[in-house]
Amino acid sequence: FCEECTGSFSEGKLRVKCGQRREHLMSKYGDSKEKATEAVVAMDPIKCVTKDNQDLSYDGAFCEECTGSFSEGKLRIKCGERRQHFMNKYGNSKEKAIDAVKKEDPINCRNEK
C-alpha cells in the first residue's frame, strides 16, 4: 500500500492519494487502519499492490510498487520494474530512470518532488 499514490475512487469521479482516502474511511466510519487499507485496495485493485499490509517503498514522489501503463498501454508492470529496465538497458542513474518512468506514464505517476 502506497499512501502517496493517487487512486481512482467513486467510479472514477474522485482521484485522491490512497493515504487520504484511507484517512477519510478511518475518520468517517471508525475503521481500523488495516480495515481501511483493505477497503482502499478493494476500491482500486488495478492500482493498489500490497505486501503483507506493510507500506511499500516510496522514493520521494515515486512509488516502486504501483502499476504503470507503458509502451502506449501495451505493458502494465510495476513502476520499480520499469525503472530497473531503464537502468539496466540504458545505464541510466536511478534518478534519470525515475524521470523516464514518470515521463512515460504521467497520468499514474506523481510529478512533484
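1. Helices here (H or I, at least four residues) and strands (E, at least two) are DSSP runs, numbered from the N terminus. With that settled, asparagine 92 sits in the loop between α3 and α4. Asparagine 92 is buried, at a relative accessible area of 15%, where buried means under 20% relative accessible area, exposed over 50% and partly exposed in between (1.4 Å probe, protein chains only). Its contacts, leaving aside neighbours within four places in sequence, are Phe86, Met87 and Ala97; contact means heavy atoms within 4.5 Å.

2. A word on what we're looking at: this is a predicted model, where local features need pLDDT of at least 70 and side-chain atom pairs count only at pLDDT 80 or more, while totals for chains, interfaces and linings use all residues. Residues are numbered from 1 along each chain as its sequence is written, and side-chain values use heavy atoms, with hydrogens and water left out.

3. Now the overall layout. The protein has 4 helices and 6 strands, and from the N terminus on the elements go β-β-α-α-β-β-β-β-α-α. Of its 113 residues, 38% count as buried. Taking contacts between residues at least 6 apart in sequence, 35% join residues at least 24 apart.

4. How do α3 and α4 pack? The axes of α3 and helix α4 (residues 94–104) come within 8 Å and cross at roughly 125°. The axes are lines fitted to C-alpha atoms, for helices over the stretch in contact, and the angles run from 0 to 180 degrees between N-to-C directions. That makes α3 oblique to α4; angles under 35 degrees count as roughly parallel, over 145 as roughly antiparallel, 65 to 115 as roughly perpendicular and the rest as oblique. The crossing of α3 and α4 is right-handed, a crossing being left-handed if the near helix is turned anticlockwise from the far one by less than a right angle, and right-handed if clockwise.

5. On to the residues that make this contact. From α3 come Cys79, Arg82, Arg83, Phe86 and Met87, which meet Lys94, Ala97, Ile98, Ala100, Val101 and Glu104 in α4. By type, the residues of this α3 with α4 contact divide into 7 nonpolar, no polar and 4 charged. For the classes, Ala, Val, Leu, Ile, Met, Phe, Trp, Tyr, Cys and Pro count as nonpolar, Asp, Glu, Lys and Arg as charged, and the others, Gly among them, as polar.

6. Two arginines in α3 deserve a look. Arginine 82 lies in α3 (residues 79–90) and is buried, with a relative accessible area of 10%. Beyond its neighbours within four places in sequence, arginine 82 is in contact with Phe70, Ser71, Leu75, Ile77, Val101 and Glu104. Arginine 83, also in helix α3, counts as buried at 11% relative accessibility. Not counting residues up to four places away in sequence, arginine 83 touches Phe62, Glu64, Lys94, Ala97, Ile98 and Val101. Arginine 83 and alanine 97 are 14 residues apart in sequence, yet 5.2 Å apart in space, C-alpha to C-alpha.

7. Which residues of α4 are buried? They are Ala97, Ile98, Val101 and Lys102. These cover an arc of only 140° around the axis, which puts them on the same side of α4; the arc is that of the directions from the helix axis to the C-beta atoms. Glu95, Lys96 and Lys103 are exposed on the other side of α4.

8. Then there is the α1 and α2 pair. The axes of helix α1 (residues 18–29) and helix α2 (residues 33–43) come within 9 Å and cross at roughly 125°. That makes α1 oblique to α2, and α1 passes α2 in a right-handed crossing. Here Cys18, Arg21, Arg22, Leu25 and Met26 in α1 meet Lys33, Ala36, Thr37, Ala39, Val40 and Met43 in α2. The residues of that contact divide into 7 nonpolar, 1 polar and 3 charged.

9. Cysteine 2 has its place in the segment before β1 (6–9) and counts as buried at 8% relative accessibility. Valine 16, in strand β2 (residues 14–17), is partly exposed, with a relative accessible area of 21%. Valine 16 touches Cys5, Thr6, Gly7, Phe9 and Arg21, not counting residues up to four places away in sequence. Valine 16 and threonine 6 are 10 residues apart in sequence and 5.2 Å apart in space, C-alpha to C-alpha.
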